[in-house]
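User: Could you help me read a protein model? I would like to begin with its helices.

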Amino acid sequence: MSAPALDIRPGSGVSLAAFVGDDDTAAKLKNIANFHWPGAVIDRGSCHDAGSYLKSSPSPDLLVVDLDQSENPFEDLQPLAELCDPSTQVIAMGVVNDLALYKQFINAGVADYLVKPLSEEDLETALLAATFSDSSSGEQSGNAEPTGKLVVTVGSRGGVGASTVALNGAWLLAEEMGHRVALVDLDLQFGTAALSLDLVPSSGMIETLRQPDRMDSLFMSSAVLPKTEHLSVLAAEEDLARQLDLHGDGVGRLVEELRGSFDWVWIDLPRSLCHLHTSVLRDATNVHVVSDLTLAGMRDTMRIVNLFSNIGGDGEIGVIINHARRNKGMPRGEFTRGVGCKVLATLPDEPKALQAATVGKPLAQTSARGKFVTELRKVAIDIAPTVKEPRRGLFSSRKAK
Ligand SMILES: Nc1ncnc2c1ncn2[C@@H]1O[C@H](COP(=O)(O)OP(=O)(O)OP(=O)(O)O)[C@@H](O)[C@H]1O
Ligand SMILES: [Mg+2]
């Protein structure tokens, strides 16, 4: 089992009840529950049994219901909507492999629909993903919400995936966890944030960054590109023939402005500009150095960590290893011992999924349950353990009416 055990503090209320139709799935669930949800209720049973359980017990945070015996799975699940708490995340499973049915479940507020047979790994990934988007655990009250925090992602080398990490991390924070996020791509000539999200790049950024006094609300409203209700982007595609002549003050001022309007400002910082933006690095709550498993990657991760410490950065700095399987050049253990900072995540090589995600939608949207996003989600949860406007539970919208 790859994922670390969940942190189940007394009173956090994380609980799991599962009613499944076959011994194999029940055994796998028990293994997973022993690790993450000790004390979970895992029974052989059906939707009907889940209903009986809910009539006599408090609604769990996570409910797994097997519909393998149902002729009308969607209809059969409906009665549970009246019985379980709106905050309960429901994972349905069954043997019908049908996209229309899957969409019906998701639209109704079911966290996931899984088609059997399932590997233990698939089950674990789905349960953790539902838990992480769950609004019900005690930590996620939304009251002590930080505002205007700053995350900086920087690659140790070119092409290691720093922009991919920044884009998907910002997306998870905004779309899954409900924070207002501004993603700022500081690679003003070659950046990919606007392109990846199918946005028209902001204009006039260079002029304004050169003259920070011009950074008024008019500029901000024209430069900030809204992608979704929660996620906005600042990104340019400046003429390659131009000399940029930037100095750090403009970006410092930009970040200050954004921190006043957004809960999180997520900066994708080109590594060649670290020297210009030391104030951004110093003020960051979290700095993520993305690296591959190469000697050069290790050396330059160490150099960025040293720079951060030398400029008096007091946020948290850690390394995210990307393309983990592609780079067999250096053993992970050796890399980890050498970099001198915490390894926050190890992201796998997922070329197919990333290729499919290039049409204006990030991987976090198109492959939310894939390993890459699952691992990155843990980093996002680590920096922002609260959920502002969480996904709701099964049929909660109906119950709210
Ligand atoms: N885990 C991964 N698996 C497969 N492909 C990946 C992975 N991570 C990133 N990529 C791909 O690698 C390429 C480079 O990624 P990205 O632009 O994020 O890197 P970067 O570090 O920001 O590069 P640059 O130095 O140019 O800013 C992209 O095509 C991206 O889709
Ligand atoms: Mg980049």
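User: How do H2 and H3 run relative to each other, roughly parallel or roughly antiparallel?

Analyst: This is a predicted model, in which local features need pLDDT of at least 70 and side-chain atom pairs count only at pLDDT 80 or more, while totals for chains, interfaces and linings use all residues. Residues are numbered from 1 along each chain as its sequence is written, and chains are lettered from A and ligands numbered from 1 in the order in which they are written. The axes of helix H2 (residues 47–56) and helix H3 (residues 73–83) cross at roughly 10° and come within 9 Å. H2 and H3 are therefore roughly parallel to each other (angles under 35 degrees count as such).

User: Which residues of H2 meet H3?

Analyst: Cys47, Ala50, Gly51, Leu54 and Lys55 of H2 meet residues of H3, namely Asp76, Leu77, Pro79, Leu80 and Leu83; contact requires C-beta atoms, placed from the backbone, within 7 Å.

User: Now the sheet: what is the order of its strands?

Analyst: The open sheet has five strands in the order S2-S1-S3-S4-S5, with parallel pairing (strands pair if DSSP finds at least two bridges between them). Strands S2 (41–44) and S5 (112–115) are the edges, each pairing on one side only.

User: How many bridges join S1 to S3?

Analyst: Four bridges join S1 (residues 16–20) to S3 (residues 62–66). Ala18 stands opposite Val64 in S3.

User: And which residues come nearest to ligand 1?

Analyst: Of the 18 residues around ligand 1, the nearest are Gly155, Gly161, Ala162, Ser163 and Thr164; a residue counts as near if its C-beta atom, placed from the backbone, lies within 6 Å. Helix H6 gives the most to this shell, with three residues.

How values were computed:
Axes fitted to C-alpha atoms, helices over the stretch in contact; angles between N-to-C directions. Helix = DSSP H or I, 4+ residues; strand = E, 2+ residues; numbered from the N terminus. Parallel < 35°, antiparallel > 145°, perpendicular 65-115°, else oblique. Contact = placed C-beta atoms within 7 Å.
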